[in-house]
Number of protein chains: 2
Amino acid sequence: MSASATQTTYERLRASLLAGLYRPEEKLKISELGAAFSVSTGAIREALARLTAEGLVTALPQRGFRVAPVSIADLRDLTDMRIEVETKCLRRAIANGDLGWETAVVAAHHRLAATPIAADDGSFSPAWTLAHGDFHAALAQACGSTWMLRVRDLLSAHNERYLDLARKTDRGKRDAAREHRELMEATVARDTERAVSIMTAHLGKTRDTIEAALLAAAAMNEAR
Amino acid sequence: MSASATQTTYERLRASLLAGLYRPEEKLKISELGAAFSVSTGAIREALARLTAEGLVTALPQRGFRVAPVSIADLRDLTDMRIEVETKCLRRAIANGDLGWETAVVAAHHRLAATPIAADDGSFSPAWTLAHGDFHAALAQACGSTWMLRVRDLLSAHNERYLDLARKTDRGKRDAAREHRELMEATVARDTERAVSIMTAHLGKTRDTIEAALLAAAAMNEAR
DNA sequence: AATATACTTTTTATTGAAAATCTATTTTCT
DNA sequence: AGAAAATAGATTTTCAATAAAAAGTATATT
């Protein structure tokens, strides 16, 4: 095995979290996780410590770890920030990006467009989720700022968690494929203002969709 | 003891790191740290894991932990990002902030202005460093966005590390006290554009000062 | 019936030592 | 001499046992 156990445990746990395998505020019992991943509690603890620093997990001293909570307020705040950062990245990438970057964007879009959005059970397919994340990452990549990309990654991770919560709603009511295509086209055409405006609208729509899903879920819970 | 051992260890280690107690790229030996803080390797490991997620420490699997490197390129990138985020926070804070916030800004400035900048050995005094950090934090506080503040904190932490590297240079050549006072005045007067422009200049000057110090240090190393 | 108290169980926190891995040095061979 | 291999030493990683704390449960008390 190349990487260490703690490293792989961290990655696996993070992936599970982003895939929505655990519900928000659910308690993450160290020994259970250890059993599930078949590593010692030490490794789990270390992974959880890192996830805590990322904000994906909250730690209460002497009281263990929980999945970070979600809320509509946080989603809105997160999206505001994402719009700031993603558009800033996009502007800089369009200004700085070379042909290699352009090619990567086109490639990532092609893969995204060719990947079926829905899995058998009606939720987002994992392949689509991956391709979608990669496409957005590809757009930002040439921004030339390590710090911007780092913050972008952090925000994306948190957004992915929300995306997953909304994975059974509203799909198809919006033409996400078209939004992505237009975003790609404007970017490759180096039409900065158009690309930024599409991106802003795209992120806003995503927020609205998730918000609706969260409200629907809350209403369901209310009427249990 | 109120908090847990891992928690306090994390905080202590982080403070040491921000205070520049360990040099960039210095190896952080787990057992040594354990002896220094008199806790077990597990606690150290957990603290280091969190610091790794924050980017203050780098982890090489099977090869331990090191203090994150510094570079002029990173400083520039960091400062660019800081200017983006700090000004965005400031704009929003000036728009949203209530009297309580205004009061906190004035108070933080008063403390900063009244704290001697230099310690006996000529470096920044810890009290000044603290007051300085608090003043800048106070300015941003009312921005109304948790995410923005979170990112701001992250960037500030990294900046503090750089500040410390420059702590023996150039102090006095610039009138930081005046910059701070003008920043406070423009903010309290709700003069957004003026405050933003002072902030931008302030962060830029800080970067230049640190850059000069880094170059000087590199030259010294060259000619060892 | 509601609250308080003592007891039990579960879970977290912490430790130190064993196992695995790396680094530097020495030795061997071409 | 220079490269490859072996060895020894140091360090990291992992683990499982112990201690401490919190949560839960049942019993007693007001």
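In chain B, K27(B) stands opposite R66(B) of strand β3(B). That pairing belongs to β1 (residues 27-28) and β3(B), which are antiparallel and share two bridges; strands count as paired if DSSP finds at least two bridges between them, and strands are DSSP runs of E of at least two residues, helices runs of H or I of at least four, numbered from the N terminus. The model is predicted, with local features needing pLDDT of at least 70 and side-chain atom pairs pLDDT 80 or more, while totals for chains, interfaces and linings use all residues. Residues are numbered from 1 along each chain as its sequence is written, chains are lettered from A in the order written, and side-chain values use heavy atoms, without hydrogens and water.

Strand β2 (residues 57-60) of chain B also runs antiparallel to β3(B), joined by four bridges. Here V57(B) has V67(B) as its bridge partner. Three residues lie between the strands of this hairpin, in which Q62(B) has a positive phi near 70°.

The contact between the chains (heavy atoms within 4.5 Å) involves 31 residues of chain B and 33 residues of chain A. Four salt bridges cross the interface, a salt bridge being a side-chain nitrogen of Lys or Arg within 4 Å of a carboxyl oxygen of Asp or Glu. One of them links R45(A) to E46(B), with the closest N and O atoms 2.7 Å apart. On the side of chain B that touches chain A, the elements giving two or more residues are α1 (5-18), α3 (41-54), α4 (72-96) and α7 (146-165).
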